[in-house]
Amino acid sequence: MNAPESAATIFDTLSLDELRTRTSEKWRYYAPDVLPLWVAEMDVPQSEPVIAAVTDALRRGDTGYPGGRGYAEAFAGFAADRWGWELDPGRARMLTDVMIAVTDVLKVLTAPGDTVVVNTPVYPPFYDFVRDTDRVVRAAPLTADNRLDLAALDEAFVGATVFLLCNPHNPTGTAHTPDELAALAELARRHGVRIVADEIHAPITSPAAARELGRPVFTPIVTVPGAENAISVISASKAWNLAGLKAALAIGGPEAAPDVAAIAEIADHGASHLAAIAHAAALTHARGWLDEVVAGVDVTRAHFTARLAERVPDAVVHPAQATYLAWVDCRAVRTADGSALGDDPARVFLERGKVAFTSGLPFGEGGQGFLRVNLATSRGILDEAVTRMGATLLA
Ligand SMILES: Cc1ncc(COP(=O)(O)O)c(C=O)c1O
């Protein structure tokens, strides 16, 4: 049963005044009169198990370099319980963070000048980090309903070396299905293209969607038949709001173990010990907290969609099964004088309405006229955001 509209969620815990005391990017990038619903940080209190684990480590002076396999073991436990993914923690590599880990993996699988395919629109650092490693990005669009487009990928894979999959997909919140991923794996094999999957959003899936599907919403790429040579890059940082405590894991399927082992030794120097402790505590002891977050996102997604339909009826919120992001098509939205918002509606709402969303433009092809909303916040803040959007159109 869906939570009733009025029930409190974990996002109702902190007031706007409390959130504004934060010094992270979400709260410091824009002036204080701007309401921030952009970068992927969550408006939640940190879970008690993570606070306890990090505080305890500080008290014991356990603040040296990372040691042991605690993070990988905690992740293996979570992956087995939640997704039935049995992995060998001894084969995982702990790396700096997800995007740096993607470049560490690319350096093993590709050479400078090689082509890396991405699905557009996609998380903007996919372009920046691939290009920064002197690889070439080739765009293959998702379908109009944000699914994997196998025909587009078939074309894009010609002469390519790697497909950088976003699973689930940021910004659309698409959770690729087991069938879609199996077809993708088969296609990639046929072209000799290796799949590297950024699975950072994996734990953030809709409980309502899971009930409807009767299976986990997220499918780990490495468990897909045919994708035994894929590599997953994953972290607890997104789902437990731990971006300030950097660490990630690279995990290969059985055929990819030698590639993960071949990642340069210097890559092991990035993650911090306190991050590994925090992520392990989250994965092991803060699962109830995560359950509250994902239940809360179902509520805020439905709430935002309904309020937007009232105040900005021509905006289209794309349905999503995962992430706490909403991908909003503003191409049909008009101001009171009948003018369109143009390619960058986020800029219009920021400048005229003092509400910050993420612009669709840096997501690449398919991002024009779209914006991305961060739903990991209270319904009160979402209401204020929608009010500011409505006022912008009337101004
Ligand atoms: C798809 C995706 N990958 C990676 C990241 C960033 O992860 P990290 O800070 O570990 O590099 C994000 C952050 O929102 C993301 O959405």
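Predicted model: local features only at pLDDT ≥ 70, side-chain atom pairs only at ≥ 80, totals over all residues.
This is a short walk through one protein model, from the overall fold down to a handful of residues.

Let's begin with the whole thing. The secondary structure comes to 14 helices and 13 strands. If you put a box around the C-alpha atoms along the principal axes, that box is roughly 60 × 55 × 40 Å. And how does the radius of gyration sit against what a compact globule would have? For 395 residues, the compact globule would come out near 21 Å, and the protein has 21 Å, so the two agree.

What about the inside? Of the 395 residues, 57% are buried. Then there are the contacts. Take those with a separation of 6 or more in the protein, and 73% of them are between residues 24 or more positions apart.

The peptide bond from Asn 167 into Pro 168 is cis, with omega near -5 degrees. Now move along to Pro 171, which also lies in the loop between β5 and α8. The bond from Asn 170 to Pro 171 is cis as well, and omega there is near 25 degrees.

Next, positive phi. Thr 323 isn't a glycine, yet its phi is positive, about 70 degrees. You'll find Thr 323 in the loop between β9, at 316-317, and β10, at 325-329. Is Thr 323 buried or exposed? Its relative accessibility is 2%, so Thr 323 counts as buried.

Lys 354 is another one: phi is near 55 degrees, positive again in a residue other than glycine. Lys 354 sits in the loop between α13, residues 345-353, and β11, residues 355-356. With 36% relative accessibility, Lys 354 counts as partly exposed.

Okay, on to Ser 359, which is in strand β12, residues 358-359. Ser 359 has 17% relative accessibility, and since the cut-off for buried is under 20%, Ser 359 counts as buried. What does the side chain of Ser 359 make a polar contact with? That would be the side chain of Asp 344, at 2.8 Å. A polar atom of the Ser 359 side chain also lies 3.1 Å from the backbone nitrogen of Leu 361. And if you skip residues up to four places away in sequence, Ser 359 touches Asp 344, Ala 346 and Phe 370.

Last stop: the loop between β1, residues 35-36, and α3, residues 48-59, which holds Gln 46. Gln 46 is partly exposed, with a relative accessible area of 23%. Setting aside residues up to four places away in sequence, Gln 46 touches Ile 51, Trp 240, Asn 241, Leu 242 and Trp 289. Take Trp 289 from that list. Gln 46 and Trp 289 are 243 residues apart in sequence, but C-alpha to C-alpha they're 8.9 Å apart in space. The side chain of Gln 46 has polar partners too. One is the side chain of Ser 47, joined by a polar contact of 3.3 Å. Another is the backbone oxygen of Trp 240, which lies 3.1 Å from a polar atom of the Gln 46 side chain.

Ala 40 is in the loop between β1 and α3 too. At 12% relative accessibility, Ala 40 counts as buried. Leaving out neighbours within four places in sequence, Ala 40 is in contact with Lys 238, Tyr 324, Arg 372 and Asn 374.

Technical notes
Residues numbered from 1 in each chain as written. Heavy atoms only, no water. Helix = DSSP H or I, 4+ residues; strand = E, 2+ residues; numbered from the N terminus. Rg over C-alpha atoms; globule rule 2.2 N^0.38 Å. Buried < 20%, exposed > 50% of the residue type's maximum accessible area, 1.4 Å probe, protein only. Contact = heavy atoms within 4.5 Å. Polar contact = N/O pair within 3.5 Å; in protein donor to acceptor, adjacent residues only side chain to side chain.
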